[in-house]
Amino acid sequence: QAQLVESGGGSVATGESLTLSCAVSGVDWRTTCLGWFRQAPGRQRNWVATAYADGSKNHIRAVKGRFDVSKDIAKNTLYLQMDSLKPEDTAMYYCAAGPWLHDSCEWTDWGQGTQVTVSS
């Protein structure tokens, strides 16, 4: 079972940047999907970005060109670089991990989340 601990959230103004980190343990980096999700108050949790085991990555359309997911295996850390932040990016951000099964990631483990608040 993976252990995931997020950090790096905070309160920023529109247009500013934040880098989220997720300390990862208990995974096989060769076979595990790692990703970021977010949940705004009163809304469901939504997928934001995935770093696949083969080194590829993907992001939701709303953040493409502004956010970038990356991983540093030597540091056991997953990152989410967030630039040009907007108020609609305000949410609790969660790190997730899981195996690649049936042509998709199966998200089985979650961190506790880190809050990102963007003021207008």
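Which residues does M82 touch, not counting residues up to four places away in sequence? Taking contact as heavy atoms within 4.5 Å, M82 touches E16, S17, L18, L20, R66, F67, Y93 and V116. Before going on, a word on what you're looking at. This is a predicted model, where local features need pLDDT of at least 70, side-chain atom pairs count only at pLDDT 80 or more, and totals for chains, interfaces and linings use all residues. Residues are numbered from 1 along each chain as its sequence is written, and side-chain values use heavy atoms, with hydrogens and water left out.

M82 also turns up in the largest nonpolar core, a group of 28 residues in which W36, L78, L80, M82 and Y93 touch the most other members. A core here is a set of buried Ala, Val, Leu, Ile, Met, Phe, Trp, Tyr and Cys residues joined through side-chain atoms within 4.5 Å; buried means under 20% relative accessible area, exposed over 50%, and partly exposed in between, using a 1.4 Å probe on protein chains only. Strands β3, β4, β5, β7, β8, β9 and β12 each put in at least two residues. Strands are DSSP runs of E, at least two residues long, numbered from the N terminus.

Now for the sheet. Strands count as paired if DSSP finds at least two bridges between them. Four of them make an open sheet in the order β1-β3-β8-β7, with antiparallel pairing. At its edges sit β1 (3-7) and β7 (67-72), each pairing on one side only. Six bridges hold β7 and β8 (residues 77-82) together, and D68 has Q81 in β8 as its bridge partner.

Strand β12 (residues 114-119) has two faces: T114, V116 and V118 are covered, while Q115, T117 and S119 are uncovered. It pairs in the parallel sense with β2 (residues 10-13) over four bridges, with V12 opposite V118. β9 (residues 91-101) runs antiparallel to β12, joined by three bridges.

Finally, the rings. Phe, Tyr and Trp rings (the six-membered one for Trp) pair if their centres lie within 6.5 Å; planes under 30 degrees apart are stacked, over 60 edge-to-face, and the rest tilted. The whole structure has three such pairs. F37 and W110 have centres 4.8 Å apart and planes at 65 degrees, so they are edge-to-face. F37 sits in β4 and W110 in β11, so the pair ties together parts 73 residues apart in sequence. F37 is buried at 8% relative accessible area, whereas W110 is partly exposed at 32%.
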